[in-house]
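Dear colleague,

I am passing on the structure we spoke about, with the sequence alongside it. Please have it open while you read the notes below.

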Amino acid sequence: MPHYSGPLLTRPIAEELQAARDAGSGAWTGSLDLGRSDGEALLEAEAWIWRGQRYPYPAKLKDRTIYHWDGEEFAPVSRFSGSLIKLVPTQWGAPTFEIDGIKMLPTMKASPIEDARVKVALVEPRGKAVLDTCGGLGYFAACCLEAGASAIHSFEKNEDVLWLRTLNPWSPDPDAASSGGRLRLTHADVSQAIAQIGDASVDALLHDPPRFGIAGELYSQTFYDDLARVLRRGGRLFHYTGSPNKLTSGRDVPREVAKRLEKAGFKAQLALDGVLASKR
């Protein structure tokens, strides 16, 4: 799907536009792409102009919501098809997303892009072919591109998440010149698609699955055996697990994951909020 190039609004940005107009200013300077760049909007009494197109001032917007121009009005970047999936602004510019109100990326202490950059660095992607099992908004892939990976193959199962990516300026576009043809994004369930990936055909792995209760198959011994099969000897894997509370869940998910990876043929250790492993 082509990527959206129109303005993105949040409640604070919309209020800034209207306050500048009410103050008699003929222009406003700021970001209309979630902090990716700054630009100028020309202000008229009933509309504002950005990149040559006129837009109405929006009605009252909700907090924690990003809006895009759908051709008729500013609509929330959210969809409901079994689950409510929503792009959510953060203080860092780069957004996170939620599924039924559950935040899918850590944003408390750092930008989700910076968080991804630190994790991606663990697998040392420069010059490597990387398998990104659960692409999400594409932040792992973006950081692999930035770090000089030779190729990234990302899988994403959820069609609505793929739609969010087309509206998120921080999500890498496989077709953009900046990707250099190195990013391939496939709409598929990696737990099934991995059977078609060749033995020892990737140099590094990034695995950021939904929590165990939602996608237990992505924590299974069978899947970990497949990860070991497709990764070359000495290749690295970072597996995000989060830090579920053992006192409430009664489980130590990171250590369970490490044990299964060891059984699959990895040498594994706890690292950051997940497990870092290398293929024996």
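Into which domains is the chain divided? In this predicted model, the chain splits into domain 1, covering 8-76, and domain 2, covering 112-279. Their C-alpha centres are 36 Å apart, and the contact between them involves seven residues of domain 1 and five residues of domain 2.

I then turned to a pair of helices. Helix H6, residues 221-230, packs with helix H8, residues 253-264, at an angle of about 50°, and their axes are 9 Å apart. At that angle H6 counts as oblique to H8, and the crossing in which H6 passes H8 is right-handed. On the H6 side the contact is made by Gln221, Tyr224, Asp225 and Ala228, which meet Val257, Arg260, Leu261, Lys263 and Ala264 of H8. By class, the residues of this contact between H6 and H8 comprise five nonpolar, one polar and three charged.

As for Thr96, which is 89 residues from Leu185 along the chain, the C-alpha atoms of the two are separated by 19 Å.

How values were computed. Residues numbered from 1 in each chain as written. Predicted model: local features only at pLDDT ≥ 70, side-chain atom pairs only at ≥ 80, totals over all residues. Heavy atoms only, no water. Axes fitted to C-alpha atoms, helices over the stretch in contact; angles between N-to-C directions. Helix = DSSP H or I, 4+ residues; strand = E, 2+ residues; numbered from the N terminus. Parallel < 35°, antiparallel > 145°, perpendicular 65-115°, else oblique. Left-handed = near helix turned anticlockwise from the far one by under 90°. Contact = heavy atoms within 4.5 Å. Nonpolar A, V, L, I, M, F, W, Y, C, P; charged D, E, K, R; others polar. Domains from an automatic or database assignment.
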